[in-house]
Amino acid sequence: MRILIANDDGYLAPGLAALVAAMHGLGEIEVIAPEQNASGTSNALTLNRPLQVFEGGAAAGSPRVRFVNGTPSDCVHVALTGLLGYRPDLVLSGINQGANMGDDTLYSGTVAAAMEGYLFGVPAIAFSQVHKGWAELAAAGQVARALVQQVLDRGLGGTPFLLNVNIPNRPDALSLPSRITRLGRRHASEPVIAQTNPRGETIYWIGPAGDAREAGEGTDFHATASGCVSITPLQVDLTDHARLPDWRAHLDSRP
Ligand code: MN
């Protein structure tokens, strides 16, 4: 079993160390993560400059950590297209500092790192803690390990999958029920924050994500708010299948 681990909070993030530690003994571990915090970079690839891979060192008995001066997707892309020289059996991402639920998944570098593996046909799982601050990180690692073990026991053969996991920050996270969920929706983001910089120019900070809007039963928001671990199977197809017939009728010019 060969497992590639990445994240979006950067190679020094406590959540990455927790995920790596939690996977100890489950297989051969490779860690390739961004040099800097790359949260919110989605599936971006760096195309306007070359990338470099650096050795981040490793504590005794721990897998070595390498870092890339690029995005989460860069890390997994470079790993899978040449750096590793083999195809891992599983790609893991996280553990992210903060939830990746609903629309967050479109912006998330954590989900994107896992998705890059999935796009290359490798089963992948993204892990996030619901709240920021790294509280109860070891418990989140236990949840990640248990889930990976369950997935391995079931067998990785067949169609690759992409799972998005959100874990409540609780010391008893391992004993919480798991729920298979769909993505909820968030309200549109909070307003942009305008300030004046020291040169008298107006600058803008992107505001925080909005609150949950569609958070009904069955959603990731509902599950985590109810004290459960949320597991959402994701796919990449953005096609609006429901409206295909309508658009065909109006805009498809074939007779
Ligand atoms: Mn992040």
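User: Which residue's side chain does Thr 181 join through a polar contact of 2.8 Å?

Analyst: That would be Ser 230, side chain to side chain. A polar contact here is a pair of N or O atoms within 3.5 Å; within protein, one must be able to donate a hydrogen and the other to accept it, and residues adjacent in sequence count only if both atoms are side-chain atoms.

User: What should I know about the model before we go on?

Analyst: It's a predicted model, so local features need pLDDT of at least 70 and side-chain atom pairs count only at pLDDT 80 or more, while totals for chains, interfaces and linings use all residues. Residues are numbered from 1 along each chain as its sequence is written, and side-chain values use heavy atoms, with hydrogens and water left out.

User: Is Thr 181 buried or exposed?

Analyst: Thr 181 is buried, because its relative accessible area is 7% and buried means under 20% relative accessible area (exposed is over 50%, partly exposed in between, with a 1.4 Å probe and protein chains only). Not counting residues up to four places away in sequence, Thr 181 touches several residues, among them Gly 218, Thr 219, Ala 223 and Pro 233. Contact means heavy atoms within 4.5 Å.

User: Tell me about Thr 219, then. Where is the place of Thr 219?

Analyst: Look in the loop between strand 12 (212-214) and helix 6 (220-225). Thr 219 has 0% relative accessibility, so it counts as buried. A polar atom of its side chain lies 3.1 Å from the backbone nitrogen of His 222. Leaving aside neighbours within four places in sequence, the contacts of Thr 219 include Thr 181, Arg 182 and Glu 214.

User: New topic: the metal. Which residues coordinate the manganese ion?

Analyst: Asp 8 (OD), Asp 9 (OD), Ser 39 (OG) and Asn 96 (OD1) do, at 2.1 to 2.2 Å. Donors are N, O and S atoms within 2.8 Å of the metal (3.2 Å for Na, K and Ca); water is not among the atoms, so sites may look incomplete.

User: What spacing do the donors of the manganese ion follow along the chain?

Analyst: The spacing is D-D-x29-S-x56-N. Asp 8, in the loop between strand 1 and helix 1, and Asn 96, in strand 5, are 88 residues apart, and the pair links distant parts of the chain. Asp 8 is buried at a relative accessible area of 2%, and Asn 96 is buried at 6%.

User: Let's do strand 1. How many residues of strand 1 are buried?

Analyst: Four of the five residues of strand 1 (residues 2-6) are buried, so the strand is largely enclosed by the rest of the structure. Strand 1 runs parallel to strand 2 (residues 28-34), joined by four bridges. From strand 1 the chain crosses through helix 1 (residues 14-22) to strand 2, as a right-handed β-α-β crossover. Right-handed means that, with the strands pointing away from the viewer, the path from the first strand over the helix to the second runs clockwise.

User: Last one: which residues touch the most other members in the largest nonpolar core?

Analyst: Ile 5, Met 23, Leu 92, Ile 125 and Phe 127 do, in a core of 36 residues. Helix 5 (residues 137-154) gives the most to this core, with eight residues. A second, separate core has 21 residues, including Cys 75 and Leu 162. A nonpolar core is a set of buried Ala, Val, Leu, Ile, Met, Phe, Trp, Tyr and Cys residues joined through side-chain atoms within 4.5 Å.

Note on methods. Helices (H or I, at least four residues) and strands (E, at least two) are DSSP runs, numbered from the N terminus. Two strands pair if DSSP finds at least two bridges between them.
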